[in-house]
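Biologist: Could you walk me through reading charged pairs in a model? Let us start with the terms.

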Amino acid sequence: MRRIRIAFLIACLLTSLPASLRAGESVPARSPQPGAIVLEGHSLPFLHQRTLSQIQVFAFHSASLTPIPFQIDERDRRGRWVIKAGPRPSRDDQPGRFDPNDAIIFLRRDMGQRATASAFPTEAARWHEVRLGSQEAALGFVYIRVGTHASQPARPLSVRYDPQHDHVYAERYSVAFDTPLPSHLAFVESPGDLGQNLISGVAVAAEVSFLGGLLNIRRTDKDLHARLYGYTQGPVRVIRRARYWFPLPFGLRARGRIDLIFYPDFVEGTALVKLKIPPRFILADGEISTYFNFLNFGQAQLLQADRPPVGEEQPPRWAALQLPTGQTLLLVMRLEGGLQQLEQQTYFSNTGPPHSGQPSFGFHFSNIARLDAGTYRLSAFGILLETTDPEIIRSTAAFFLSPPPASVAPIGSAGHR
């Protein structure tokens with residue numbers, strides 16, 4: 001029964017993505033370029049074994065270096081994010097110290113231009129430059145400093161989690177988990193508002209067959225159960241971890257641990273998919289549809305990724321819903337390794353009766369039998385764009401599907417002017 005876990009993990013991830021929407025007039029810190037940069041600790045050896053309080057991140061704005069909000073998230077020995085609060089918190093081997101498997105996270109919108117040499121104080125040896133993108137086409141810069149009394153700028157949290165009510169409040173949206181799946185989604189005028197609910201529900205339908213169809217198992221969102229493990233709150237993002245499971249015959253369960261990561265204008269769901277036996281070895285196959293239903297966006301338009309050239313196996317990994325508010329909800333699936341063999345299609349319906357979903361929007365997956373044994377990482381993103389321009393939508397999808405590389409160099413090296 002372990003072979004059907006992939007279908008249920010995808011369901012849990014995608015049904016939480018509606019939290020990344022917002023509509024309305026201007027809000028603070030509205031970004032034309034949503035995204036976050038995750039600097040892995042193995043690329044930052046100069047920070048290894050430093051206490052976290054010594055680290056500070058700057059950007060070059062208005063001819064000066066200015067501290068920007070950032071977050072250091074630690075990982076445990078298994079490579080999972082450390083969850084610091086909640087019913088089942090986890091723990092790092094060396095809490096409070098930067099390890100090679102830890103990471104620094106900051107928002108793409110806070111990056112700046114390349115700093116001039118005169119911008120650095122005399123202790124320039126304590127600084128390192130981070131460039132996003134290639135040297136010829138850099139997308140932005142930040143600067144990391146190791147000091148003795150580092151501090152972050154005083155700025156309201158862009159995302160806040162309320163553990164008592166299981167609510168997430170961000171700059172552009174709010175979402176509530178009164179059930180295993182989000183039961184409330186709202187666009188807000190200011191951070192901290194709960195807002196008016198805009199969804200009629202979230203749907204999941206999965207069907208898996210074994211032994212060439214002799215045994216068929218069908219599960220929907222009505223069968224889904226969840227247990228909150230905990231959360232981590234930081235200046236840049238909130239990580240909410242829960243365990244999801246579906247009951248199966250003979251007292252078994254299909255289960256998985258899901259991290260939902262909330263940013264100001266997008267949401268990421270991540271999970272590791274483990275298959276010990278290829279499904280085809282037991283003649284197993286299956287498909288799943290997972291989508292959410294809006295109440296009042298009947299005029300929304302669907303924009304899909306272009307189909308790849310004939311002969312390329314990878315299907316399109318994104319789809320966008322262009323809203324009548326002038327905004328776009330972009331869904332992106334980043335599948336690694338063998339997961340790219342899954343057949344993926346956009347699920348879209350705009351013909352439902354009142355209060356049943358106008359429109360329904362999500363994904364349909366099939367051909368689970370293609371998968372081989374192994375461990376794969378799956379990441380699903382829901383991104384809000386303040387435009388319906390197809391070119392901006394496509395470029396944003398490309399950014400999330402293939403994040404540009406980040407290079408790190410000490411100030412004064414040959415790579416820095």
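Modeller: Gladly! Buried means under 20% relative accessible area, exposed over 50%, and partly exposed in between (1.4 Å probe, protein chains only). This is a predicted model, where local features need pLDDT of at least 70 and side-chain atom pairs count only at pLDDT 80 or more, while totals for chains, interfaces and linings use all residues. Residues are numbered from 1 along each chain as its sequence is written, and side-chain values use heavy atoms, with hydrogens and water left out.

Biologist: What is a salt bridge, and how many does the structure hold?

Modeller: Side chains of opposite charge can pair when their charged atoms come close. The criterion is a side-chain nitrogen of Lys or Arg within 4 Å of a carboxyl oxygen of Asp or Glu. The structure holds 11 salt bridges.

Biologist: Which residue forms a salt bridge with E40?

Modeller: R75 does, with the closest N and O atoms 2.7 Å apart. E40 lies in strand β1 (residues 36–40) and R75 in the loop between β4 (71–73) and β5 (103–107), so the pair ties together parts that are 35 residues apart in sequence. Strands (E, at least two residues) are DSSP runs, numbered from the N terminus. E40 is partly exposed at 24% relative accessible area, whereas R75 is buried at 13%.

Notes
Helix = DSSP H or I, 4+ residues; strand = E, 2+ residues; numbered from the N terminus.
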